[in-house]
Amino acid sequence: MKTRFIYLGVCGILLAGIIHITIILLIPLLGERDAAKQIAKTLTTEKFHFIGDGSKVGISNIDPYMKLSICRFDLEKNAIEIKGPQIPTFWSASVFNERGRVIYSLNDRTAIKNQLQMVIVNPIQMADIRQSQPEEIETSILVESQSSKGFVLLRALISDESWQPQVLNFLEEAHCKAYEINTFEEG
Amino acid sequence: MRFFINTAIIILIGLIVGGASAYYTLQRSHGIGAVNAGSWSAWPFVGGSQVDPYTVAKATTDGTIHLGAAEGLAFEANSDQKGEPLRRECKYEISGNTSTTKLWTLAAYDTAGELILNDTQMVSALYSGDIIRYPDSSFILKMGNRPQSGNWLPLNGKGELKLILRLYDTPITSNSGVIDPQMPRIKLLGCAS
């Protein structure tokens, strides 16, 4: 009788281990609260969408002092160029892949001339850019993304109400558009 | 018959223990993959590609968008320095300093991750630029539902709460600084009965 209980307990604990691992591994695949999935579902590509504090696109634990803008991209067709006007408040930007992992991030201090200017490319477009060396690249940050889909999230600090118009202008003026790489013809 | 009873018992133990342990590891703030400083925990590698499955699962259940390394680092706390859960009906003193950072914001959230609003619809949040500090740049702020002199983080309602202190543009994400971050202490001053 006693050995039977020990046997059942050991089997139960083994099964518990399997279930525990399964739950942990399945959450990212099945979880619906994932903000990256919500963004991919609701926003169109190649345009910065001002999303305020982010609650509309299902982002929780929002920072009330930050305002956000998101641009989704798909590098399948073309590279993406991102540009923003200069602004004297804190801002930062992160490039995410479609699973919501950060590929690259920068802030106002680490950006070239404190200005948002970057080109996001896939490895093939990276090779093309290396070949043609376009002028714009000198002042832009080149970000190579292994996954073709993803999004750029731009955030800017509103420390008090007086910053509101300037920051909103920055987030709305920022553009995110297709970038054509001029490749040299053979011969 | 006995075979079925045995199987049922095994499955029952498996589901209860497995489910509960998975839930518990994700709920706990000092979880796997976290960097801890007193009551505070941060997940500096959550946005990166080299990240453990527990941190990924936690990120999914939280529904947040994470800060990139160049953006900053978010620290969460849901207990005071003695390990008691933070409660909205209690009064706390948060004192000390943070690791070097350009700016930080502190906000209080309910258990669902929504910002806490006080009676006048004011958001329960503070920005480092609005803080009154001592000459050595350390600060004391009070958190509670009654107005306080000095720095005050307003609360209201009842139940547990979570604090998130976000360090923006901080060098600690870029190097070994994450090993020993400096964060303020959270001390319980008393609770309204």
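In chain A of this predicted model, A:G52 stands opposite A:L68, a residue of strand 2. The two strands concerned, strand 1 and strand 2 of chain A, pair in the antiparallel sense over four bridges.

**The sheet of chain A**

This pairing belongs to an open sheet of five strands in chain A, which follow the order 1-2-8-4-5 with antiparallel pairing. Its edges are strand 1 (48–52) and strand 5 (102–107), each of which pairs on one side only. On average, and with direction ignored, neighbouring strands of this sheet are turned by 20° against each other.

Strand 2 (residues 66–74) also pairs with strand 8 (residues 149–157) of chain A, in the antiparallel sense and over nine bridges. Within this pair, A:M66 has A:L157 of strand 8 as its bridge partner, and A:C71 stands opposite A:V152 of strand 8. How many of the nine residues of strand 2 of chain A are buried? Eight of them are buried, so strand 2 is largely enclosed by the rest of the structure. In a regular strand, side chains alternate between the two faces of the sheet.

In chain B, four residues of domain 1 are in contact with 10 residues of domain 2. The side of domain 1 of chain B that touches domain 2 of chain B has one nonpolar, three polar and no charged residues.

**Helix 1 of chain A**

Helix 1 of chain A covers residues 2–30 and has 29 residues. From its first C-alpha to its last this helix reaches 40 Å, close to the 42 Å expected at 1.5 Å a residue. Which residues of helix 1 of chain A are buried? They are A:G12, A:A16, A:I19, A:H20, A:I24 and A:I27. An α-helix has 3.6 residues a turn, so residues three or four places apart point the same way. The cover over the buried residues of helix 1 of chain A includes helix 1 and helix 2 of chain B.

**The interface between the chains**

The contact between the chains involves 45 residues of chain B and 41 residues of chain A. On the side of chain B that touches chain A, the elements giving two or more residues are helix 1 (2–27), helix 2 (53–62), strand 5 (103–109), strand 6 (125–127) and strand 9 (162–168) of chain B. Helix 1 of chain B gives the most to this side, with 12 residues. By class, the side of chain B that touches chain A has 23 nonpolar, 17 polar and five charged residues.

**A loop residue of chain B**

B:M122 lies in the loop between strand 5 and strand 6 of chain B. Is B:M122 buried or exposed? B:M122 is exposed, because 11 other C-beta atoms lie within 10 Å and a residue counts as exposed at 12 or fewer. With its neighbours within four places in sequence left aside, B:M122 is in contact with B:L117 and B:P154. B:Y23 is 99 residues apart from B:M122 along the chain, and their C-alpha atoms are separated by 33 Å.

Technical notes: Residues are numbered from 1 along each chain as its sequence is written. Chains are lettered from A and ligands numbered from 1 in the order in which they are written. This is a predicted model: local features need pLDDT of at least 70, side-chain atom pairs count only at pLDDT 80 or more; totals for chains, interfaces and linings use all residues. Two strands pair if DSSP finds at least two bridges between them. Axes are lines fitted to C-alpha atoms, for helices over the stretch in contact, and angles run from 0 to 180 degrees between N-to-C directions. Two residues are in contact if their C-beta atoms, placed from the backbone, lie within 7 Å. Ala, Val, Leu, Ile, Met, Phe, Trp, Tyr, Cys and Pro count as nonpolar, Asp, Glu, Lys and Arg as charged, and the others, Gly among them, as polar. The expected span of a helix is 1.5 Å times one less than its number of residues. A residue is buried if 20 or more other C-beta atoms lie within 10 Å of its own, exposed if 12 or fewer, and partly exposed in between; C-beta atoms are placed from the backbone.
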